[in-house]
Amino acid sequence: MKDDYKQHNPTVAQGKEGFIDFAKNRFFKMFPDLELKIMHIYEDGDIVVSHNHAVLKKGEVENIVFDVYRLEDGKLIGKAL
């Protein structure tokens with residue numbers, strides 16, 4: 001992840017450090033039992049698509065999640081969509 005990672009979630013600070021802070025101090029505290037299965041990762045040039053299955057809390061329905069990212073020099077620079 002590039003240091004100047006572009007965050008598209010308005011509740012998360014910009015940059016790599018903003019993403020790390022969100023993940024460590026908010027997301028994983030809200031969902032300590034998170035189970036994430038990476039099902040597929042596709043790459044086309046500078047675009048990467050990840051298809052994941054996530055269970056946020058034990059006993060809940062599995063969520064299907066797709067993320068589309070842009071890369072630069074092999075590192076994430078932000079979401080493409």
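The model is predicted: local features need pLDDT of at least 70, side-chain atom pairs count only at pLDDT 80 or more, and totals for chains, interfaces and linings use all residues. Residues are numbered from 1 along each chain as its sequence is written, and side-chain values use heavy atoms, with hydrogens and water left out. The protein has one helix and four strands, in the sequence order α-β-β-β-β. Helices (H or I, at least four residues) and strands (E, at least two) are DSSP runs numbered from the N terminus.

**Strand pairing**

- Strands E2 (residues 47–55) and E3 (residues 63–72) pair in the antiparallel sense over eight bridges; pairing requires that DSSP finds at least two bridges between two strands.
- In this pair, Val48 stands opposite Tyr69 of E3.
- E3 is also joined to strand E4 (residues 75–79), by four bridges, and the two run antiparallel.
- Here Leu71 faces Leu76 of E4.
- E3 and E4 form a hairpin with two residues between them, and Asp73 in the turn has a positive phi of about 55°.

**Largest pocket**

- The volume of the largest pocket is about 740 Å³.
- A pocket is an open set of points, on a 1 Å grid over the protein atoms alone, where a 1.4 Å probe fits, with protein on both sides within 12 Å along at least five of seven lines; lining residues have an atom within 4 Å of a point.
- Grid points are joined across faces, edges and corners, and the volume is the space filled by probe spheres set on the points.
- The lining comprises 27 residues, of which Phe19, Phe27, Leu36, Asp67 and Tyr69 lie nearest the centre of the pocket.
- Helix H1 (15–30), strand E1 (35–44), E2, E3 and E4 each supply at least two lining residues, and H1 gives the largest share, with five.
- By type, the lining divides into 19 nonpolar, six polar and two charged residues; Ala, Val, Leu, Ile, Met, Phe, Trp, Tyr, Cys and Pro count as nonpolar, Asp, Glu, Lys and Arg as charged, and the others, Gly among them, as polar.

**Overall dimensions and surface**

- The C-alpha trace spans about 40 × 25 × 20 Å along its principal axes.
- Of the 81 residues, 26% are buried, meaning under 20% relative accessible area with a 1.4 Å probe and protein chains only.
- The accessible surface comes to about 5800 Å², with 57% belonging to carbon and sulfur atoms; areas come from the Shrake-Rupley method with a 1.4 Å probe.

Conventions: Buried < 20%, exposed > 50% of the residue type's maximum accessible area, 1.4 Å probe, protein only.
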